[in-house]
Amino acid sequence: MLKINVRGENIEVTGAIREYVEKRLAKLEKFFDNTADSTAHVNLKVYSDKTAKVEVTIPLPYLVLRAEETSPDMYASIDLVTDKLERQIRKYKTKVNRKSREKGFKNFEFAPVADEEEVEDKKFEIVRTKRLSLKPMDSEEAVLQMDMLGHDFFIYEDAENGGINIVYRRRDGRYGLIEASED
């Protein structure tokens, strides 16, 4: 059975909300043979503009399922995030089944589902290639360049240590920095 850890930020997790989360996430158990050691981490947030955000992370031995949804209604957010997780599972299961048939594997973690729909497998097709020369700069200049270009990320060479870094725009509108290491 899937253990569910529900946490609230700026909201009291009532018994009704906890039961609803448990009921919705319990529907995902049909996809797994063994979820005894799995814990779903559910984070509920309410913002000042009256929107509700639900984040669910389910670490499994072979993958991490994660989804988040924001809407004006907490229960609608829970429904949307559960549907998103189910789509992720179906897509992953389809890929695993296809690979197992190709390579002859017969044992994997997903349980058969009687009403399973075929999920279209989108091929990852590269439709455009860009070449760039990295210019030494600091992270502030990289953010300015990114904003000027209207992109969501920007790759640059760090002027201090010569490493390759990436700045990116986060969903919350702030910025993130990824520093590549040689390790």
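By salt bridge I mean a side-chain nitrogen of Lys or Arg within 4 Å of a carboxyl oxygen of Asp or Glu. The two residues are 103 apart and link distant parts of the chain: Arg171 sits in the loop between strand E7 (164-169) and strand E8 (175-179), Glu68 in strand E4 (residues 64-71). Helices (H or I, at least four residues) and strands (E, at least two) are DSSP runs, numbered from the N terminus.

A word on the source: this is a predicted model, in which local features need pLDDT of at least 70 and side-chain atom pairs count only at pLDDT 80 or more, while totals for chains, interfaces and linings use all residues. Residues are numbered from 1 along each chain as its sequence is written, and side-chain values use heavy atoms, leaving out hydrogens and water.

Back to the pair. Buried means under 20% relative accessible area, exposed over 50%, and partly exposed in between (1.4 Å probe, protein chains only).

This pair belongs to a network of salt bridges that links Lys45, Lys53, Glu55, Arg66, Glu68 and Arg171. Across the whole structure, the search finds 13 salt bridges.

Next, Ser77, in helix H2 (residues 74-103). Ser77 is buried, with a relative accessible area of 0%. What does Ser77 contact, leaving aside neighbours within four places in sequence? The list is Ala52, Val54, Glu69, Thr70 and Ser71, with contact meaning heavy atoms within 4.5 Å.

Last, helix H3 (residues 139-149), which holds Glu141. Glu141 counts as partly exposed, at 36% relative accessibility.

That is the tour: a salt-bridge network that includes Glu55 and Arg171, a buried serine at position 77, and a partly exposed glutamate at position 141.
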